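Have the model open while you read.

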Amino acid sequence: MAPFEHDFPFDPAYGHTLDDLLLIPAPAAPDDFDAFWRARYEAARKVATEPEIGPLEGERDGVRIHGVTFTSVGGVRLGGWVALPADGSAEYGFVVGHGYGGRQEPGPDVPLPLPRAAAILPCVRGMGARGLHPGIPDAADGHVLHDIESRDSYVIGDCVADLWCAASALHELVPELAPGEGGPRLGYLGESFGGGLGALALPWDDRFGAAQLTVPTFGNHPLRLTLPCVGSGEAVRSYHREHPEVTEVLRYFDAATAATRLELPTLVAAALFDPSVPPPGQFAVHNASAGERELRVLSAGHFDYEGLAAEVAELQAARRGFFGAWLGR
């Protein structure tokens, strides 16, 4: 029985208990999985990101918030926000991914997990107020299918590269955080779409020292294709029915498969009930993570329920402790 009353034509808990979810594995990787992603990463690191900071847009929670633009792979110019300490130099740095609704403002991603931190909050290509790009759909169900016919053209690969380029831009804007200056490793925060992108991006990038992935998507595609939902996964399921060969492309974009290579400390917040991102895929990412890992179990994701605010507060406290332990000097 589902833990919440709902009107969905399926069970967003998918009949699973926590014990069941903790046993869900990751799919095996294609033979050239690592080579594919390392080549994408090396190409992204060669990009001259040429970041530019815009005027001050606000100040709160110990940071000043500015608009920012930077260049990513393919010469695509993207926007977003950068948060800089209001006083003094930055001692920590974060890249903050966004969900599949895009990002229209910094929103609840500020305050940052640690004091005296700087962060870049990019809009990946096609998404959010500052990531719109001609030809790329800005709605999740269209975006997730964009150029999905080939692993080399699929938009998700370029969105991962946008995160790598955002990290490069942050290091250029805040040089005290750069590895060459002896700066600390970066933290990564990503929820839903941003959680899945983070799992795909982080195994290859040694500039990061710890990550939080909240209700991450793209976990265990073979299983996801069997589970109805109301999120972007349903668009992929529908496409797969007409184009079953897409499973070969999806093997390269499986967040759980990538997590088997994810050796940095990772805090995963996974939900027991989620109509948009099926919980089995979320837990597959946690279960596969190869490094030090911490699990926070949420009652639900992508769903409003009594007790949500309290769980969010508990998760924020947990992430402060987590990043303080792993990124602290």
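1. Before we start, a pocket here is an open set of grid points with protein on both sides within 12 Å along at least five of seven lines, and a residue counts as lining if it has an atom within 4 Å of a point. Bear in mind that this is a predicted model.

2. With that in hand, look at the second largest pocket, at about 180 Å³. Its lining is made up of Arg38, Arg185, Leu202, Pro203, Trp204, Asp205, Asp206, Phe208, Arg261, Glu263 and Leu264. Sorted by class, that gives six charged and five nonpolar residues, with no polar ones.

3. The largest pocket has a volume of about 950 Å³. It has 40 lining residues, and Pro108, Asp109, Glu191, Thr214 and Val215 are the ones nearest its centre. Helix H11 (308–327) and strands E6 (186–191) and E7 (208–214) each give at least two residues to this lining, with H11 supplying the largest share, six.

4. What about cavities? Searching the whole structure turns up two of 30 Å³ or more. The largest holds about 40 Å³ of space, and its lining includes His221, Arg224 and Pro278. Helices H6 (221–224) and H7 (232–242) each contribute two or more residues there; H7 has the largest share, three.

5. The second largest cavity, about 30 Å³, is lined by Val95, Leu163, Trp164, Tyr188, Ala201, Leu202 and Phe208. That lining counts seven nonpolar residues and no polar or charged ones. Leu202 and Phe208 also turn up in the lining of the second largest pocket.

Technical notes:
Residues are numbered from 1 along each chain as its sequence is written. This is a predicted model: local features need pLDDT of at least 70, side-chain atom pairs count only at pLDDT 80 or more; totals for chains, interfaces and linings use all residues. Side-chain values use heavy atoms; hydrogens and water are left out. On a 1 Å grid over the protein atoms alone, a cavity is a set of points where a 1.4 Å probe fits but cannot get out, and a pocket is an open set with protein on both sides within 12 Å along at least five of seven lines; lining residues have an atom within 4 Å of a point. Grid points are joined across faces, edges and corners, and a volume is the space filled by probe spheres set on the points. Helices (H or I, at least four residues) and strands (E, at least two) are DSSP runs, numbered from the N terminus. Ala, Val, Leu, Ile, Met, Phe, Trp, Tyr, Cys and Pro count as nonpolar, Asp, Glu, Lys and Arg as charged, and the others, Gly among them, as polar.
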